[in-house]
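The sequence and structure are shown first.

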Amino acid sequence: MSMSRRALAAAAVALVLPLSACGSGGDDGGSTDASGKVEGDITFQTWNLRANFKSYFDGLIADFEKKYPGTRVKWIDQPAEGYADKLSADAAGGTLPDVVNVSPDLVAPLARAGLAMDLDKAAGTYKSEYLRGAWAGHQVPGMTGTYAFPWYLNTGPLFYNKALFAKAGLNPDQPPRTYDELFADALQMARRSGGKVATLANVPTIEDFGRYGVTLMNKQGTAFAFNDTKGVELLAKYKELYDAKALDPQALTATPESSGKKFLTGAVAMNPGSALDLDNFKKNAPSLYRNIGITDQITSTGHVNMYVMGVMVNSRTKHTPAAVAFAHFVTDAQNQMSFAKKVAIFPSTAGSLNDPYFTKEDGTDETRVRIAAAKSLKTAANYTPVLFSDQMKTALRNEVAKALQGKESPRQALDNAVNAANRLLQQG
């Protein structure tokens, strides 16, 4: 498995449940009372984790079965490709596992179909064990309740090329910390390099609008609203960067991989990333590694963006106490900490980010990045609306491209994107 930040914690392709799954089998649901004896056979499904972490999960399951002798856990791991479709098929066919690895956008349609257990009711006593923002990550607008235990989190800093900053007459030790500074520095970089060096390689996504302070949805969670004055302002700024070649000309079709390559080769001066990227710089771009700068995500809200993964309990499980106990066991502080030390992710449990592993410097850049990310996660927010599907992301990207190319005004583009997203929301 590619252990990139996006692969680990970015929201997955949106799940659209067949209508046959919605509200079907209402009388077949298991109990929401998790207070009984923990016993019985349950199934646990993960998302593309077996290849790298088989021994970890084998040990985790063995520990659980030892703690609760009357239980047996069957572990299923699905490939990354087609995971949403697999969940959709299982939901429609009544074969959804008892405990399921989900992201917020995957849990939303399952919750709406009555297939995700409300953990505020079934496991509310555990709520205080988790970071507030993480627990809220699997809440669904328009519904009361929380539909998955928060599992691992991720975020990352902005990397920047100090040599390119110095060459453009910018202070390499004072990277931009506000959007105004970012846009001003980017325009200067483009001007000084004759348009050969862009500062950014990606068009704005829904997370960027969130970090900028744009209102993404109305309070009822019934309609999107990112075409407000602030949203239009951000897109207009990006249009200015694009025209000046301060935004990479290929940003309209960029992927995380292509943006990363641009940064490696010095065609782009800044790029988001994680501690995992430092080793890549060291091996494949030693001159960049020697000139690497590390700074915080730029935000107008004071809260960085975090990606969150969760563990959902199937509301139809026949063994509610065992399923809830296992989902909690996977995500408790001890097991999350153990997992975090095997891969560059962060626990969602309260207090875990105060562990020396996330607070004690050892002089390495890797540790510096880990400590900075852990600190920011304590108050981070998941800016991707739970109801913002993959189709909606595509609609926004297409409209942003039209605005940057001058085919539509920023206002018209965002109006169109919001209208498209709201149509899709109503269809869901």
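A salt bridge is defined here as a side-chain nitrogen of Lys or Arg within 4 Å of a carboxyl oxygen of Asp or Glu. The model is predicted: local features need pLDDT of at least 70 and side-chain atom pairs count only at pLDDT 80 or more, while totals for chains, interfaces and linings use all residues. Residues are numbered from 1 along each chain as its sequence is written, and side-chain values use heavy atoms, with hydrogens and water left out.

By this rule the count is 13 salt bridges.

| Pair | N to O distance |
|---|---|
| K37 and E39 | 3.8 Å |
| K162 and D173 | 3.5 Å |
| R411 and D415 | 3.8 Å |

R411 and D415 both belong to helix α19 (residues 410–427), 4 residues apart, or about one turn of the helix; helices are DSSP runs of H or I with at least four residues, strands are runs of E with at least two, and both are numbered from the N terminus. R411 is partly exposed at 37% relative accessible area, and D415 is likewise partly exposed at 21% (buried is under 20%, exposed over 50%, partly exposed in between, with a 1.4 Å probe and protein chains only). K37 is exposed at 63%, whereas E39 is partly exposed at 37%.

The sheet is open and has 3 strands in the order β6-β5-β7, with antiparallel pairing; two strands pair if DSSP finds at least two bridges between them. Its edge strands are β6 (270–272) and β7 (292–295), each pairing on one side only. Strand β5 (residues 158–161) is joined to β6 by 3 bridges, and Y160 has M270 in β6 as its bridge partner.
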